[in-house]
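These questions and answers guide a first reading of a structure. Please keep the sequence and the 3D view at hand, and try each question before reading its answer.

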Amino acid sequence: MFDLKVVLTRNVLLGSIAMAACLSSTAASAQEAILTPLLSTALNFRDLAGISVSNGGTGFVNPTSNDGVMRTGVFYRSNSLNSLNNADWTTLSALHIYRDIDLRTPDEIDGPPTAQDVVPEGAIWTNINIYGTQEPIPSPFWGTPANAVSFVQSGYQAFVTASVQRDAFRTVLLTLADDTGPDLWHCAGGKDRTGWTAALLQSIAGVPDATIMQDCLATNSYISALVNATREYLLSVYPAWDPATIDALLGVQSGYLQAGLDQVIASYGSMSAYLTQGLGLTQADIYVLRAKMVFYSELPGQRGLTGNAASGAEFLNALQNSPLSGHYTDYNYYLQSAIDQGTLGGVETRVGGQVHADAASFLLRQSQRLDEAIAPYTSGRDLPQGQTRIWIAGNGDNFSTSGHDGIARSTENSGGSIIGGTYRIGSQALTNMGLGYDWGSVESADATATVNTVLATLGGRYGFSALDAGPFIEGRADAGWVDYESERVFGGGLGTATGSTTGAVYSGQVRVGNAIRLIPLTITPQVGVRVTGVSIDDFNEGGSDLALNVHGVDETIFSLLADLDFIFNPKPLGEWTIAPVLTLGYERMLDDPQVEGVATLYGFTVRQKSAYDNQDLMRASVGFSAVQGTFTVRGTVSGVISEETNSTGVSGLLSLAYSF
């Protein structure tokens, strides 16, 4: 222990036992115990988060407003560190204190004998003189107890009314906000200047008033041994002094802090106004400090969310323990304001990147859209043996899946063209190939993904007796290179995240069928199997605090196919012959059709599912085929509906062909 008599003699002689020696990051759970080490040479050292049972507290971290709890290991308060022994210095150093903020005056620090801090290893020592004077006002140990109480209360009131002191407290709070590691602040006894700083921080955190007062009064327990020893020493030197006066100056009373709080109301009307108008803090400053001190285990409305909204809210919650929290970031300001407003404002539906899963789902169904463009040129029934037909087809699609189970609505629009050729090898076989481009736009959760695909297709058909009648088998393989760009608008002041990557899509299918020629039409039932895969590379978004590291997608789906074509015999119309066409189609996906997208940020993972999750999809198409000599024009309009009617779509196709 330090030499108490030497220190006290110095303070008394200089009259600097100011207002009785001093106007004195991890997530937490409501049941987290206070395990702050006790120091034998800095008795009033403690964590701002809460008070041990032995010193009048609950033994757990303090709760805050909005169902938050204080974080431990962020801010520490203490009395002066000038007498730390090696053991206590080692203990403090193990806490990795970033900054030691000394609130004392120059004379308190440098006067004989020296009272400079024994700074913890690695910590930065910073002096912020609250009084702004060379030495503190001498404490009236020689006066009456009433004079002592009035003296300390006036000191607390000056924290509010004196501009120099307000500026100093502003500097303290901004320093705490800016620093990147745990901070410690202290004055001489760690009770008044230190205590007022603690009260301001706890008010910002939303600690209940009664708890703030209780934590203030805990000083009497922490320093009781020191107060008793000091009283005994002072009375031995100055036997005429009143012990009650000494106790009033060395300890704390509820009326001290209350005097400062009452002055806040008298001067500014509220603590909030004192912080912003008196100390000049911005809302961003306050939010940074609060985020450093408080963890909210549940965000506004989080408990009632499901699906992607729930995983998005969970992700926003987890980011409280990332570098985005407790710093001057857009995320920090958004989350703290959302807590104040009691709503996440819809950001929970946008943060996870559902659109990436929806885009992958869109690509997995690209082969379905290609079927419509290719189908008229795979039968070869009206193509003479040995001839070739060159064709070009253009199509446009709109497909949407309604929002459900906490997953946002998804809308897909696409358009493209493919040019190809069909060659009839003989009476029983043909082959076809094509090269095309498809543009797709997928929108969900206020985000858009643009998917550009260059496609190639190769197929063939073999009729066991003939191509235009009887049983047949056909197959086709498709492959495409994908260029992918995304833009996600968050709202809530969080900006827009953008990203780009590349990928591939592929599919293969085999069908068997039978072309049944009747007098007015040809009916062609067919069944088959298809495998479709998509591979999208990893990429990193940019442009926002919540830009994600998006993991790649590799999905493969097998499905069963069934189609029924009705092709009516052609009828002459002027120089043309017209043949109406009706097609009914069905696809049953054998694997889970719902795509899950995975992304990370600062080591935290968010998973989002695509809106499309239907295993059964039905299509009906009506169209026509018009032929004039070697020229053919085909047009089709199709409607698509899912098994549960939560996905619907419409598409149109127009193609031109020339045979030679």
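Q: Which residues does alanine 599 touch, not counting residues up to four places away in sequence?
A: This is a predicted model, in which local features need pLDDT of at least 70 and side-chain atom pairs count only at pLDDT 80 or more, while totals for chains, interfaces and linings use all residues. Residues are numbered from 1 along each chain as its sequence is written, and side-chain values use heavy atoms, with hydrogens and water left out. Contact means heavy atoms within 4.5 Å. Once residues up to four places away in sequence are set aside, alanine 599 touches Leu548, Asn549, Val550, His551, Phe604, Thr605 and Val606.

Q: Is alanine 599 buried or exposed?
A: Alanine 599 lies in strand β20, residues 596–601; helices (H or I, at least four residues) and strands (E, at least two) are DSSP runs, numbered from the N terminus. A residue is buried under 20% relative accessible area, exposed over 50% and partly exposed in between (1.4 Å probe, protein chains only). With a relative accessible area of 3%, alanine 599 is therefore buried.

Q: What is the C-alpha to C-alpha separation of alanine 599 and glycine 552 in space?
A: Along the sequence, alanine 599 and glycine 552 are 47 residues apart. In space, C-alpha to C-alpha, they are separated by 8.8 Å.

Q: Which residues is serine 625 in contact with, leaving aside its neighbours within four places in sequence?
A: Serine 625 has its place in strand β22, residues 616–628. It is buried, with a relative accessible area of 9%. Neighbours within four places aside, its contacts are Thr577, Ile578, Ala579, Thr632, Val633 and Arg634.

Q: Which residues have the most contacts inside the largest nonpolar core?
A: A nonpolar core is a set of buried Ala, Val, Leu, Ile, Met, Phe, Trp, Tyr and Cys residues joined through side-chain atoms within 4.5 Å. The largest such core has 116 residues. Apart from it lies another core, of 10 residues, including Phe45 and Leu184. In the largest core, the residues with the most contacts are Trp196, Leu275, Met293 and Leu546.

Q: How are α6 and α12 placed relative to each other?
A: Helix α6 (residues 193–205) and helix α12 (residues 271–278) pack at an angle of about 110°, with their axes 10 Å apart. Axes are lines fitted to C-alpha atoms, for helices over the stretch in contact, and angles run from 0 to 180 degrees between N-to-C directions. Angles under 35 degrees count as roughly parallel, over 145 as roughly antiparallel, 65 to 115 as roughly perpendicular and the rest as oblique. The two helices, α6 and α12, are therefore roughly perpendicular.

Q: How many nonpolar residues are in the contact of α6 with α12?
A: Ala, Val, Leu, Ile, Met, Phe, Trp, Tyr, Cys and Pro count as nonpolar, Asp, Glu, Lys and Arg as charged, and the others, Gly among them, as polar. Trp196, Leu200, Ser203 and Ile204 in α6 meet Met271, Tyr274 and Leu275 in α12. Of the residues in this contact of α6 with α12, none is charged, one is polar, and the number of nonpolar residues is six.

Q: How many of the 11 residues of helix α13 are buried?
A: Helix α13 covers residues 283–293 and is largely enclosed by the rest of the structure. Its buried residues include Asp285, Arg290 and Met293. Of the 11 residues in α13, the number buried is nine.

Q: Is aspartate 67 buried or exposed?
A: Aspartate 67 sits in the loop between β1 (46–47) and β2 (68–70). It has a positive phi of about 60° although it is not a glycine. Its relative accessible area is 66%, so aspartate 67 is exposed.

Q: Is alanine 445 buried or exposed?
A: Alanine 445 is found in the loop between β10 (429–444) and β11 (447–463). Although it is not a glycine, it has a positive phi of about 50°. Its relative accessible area is 14%, so alanine 445 is buried.
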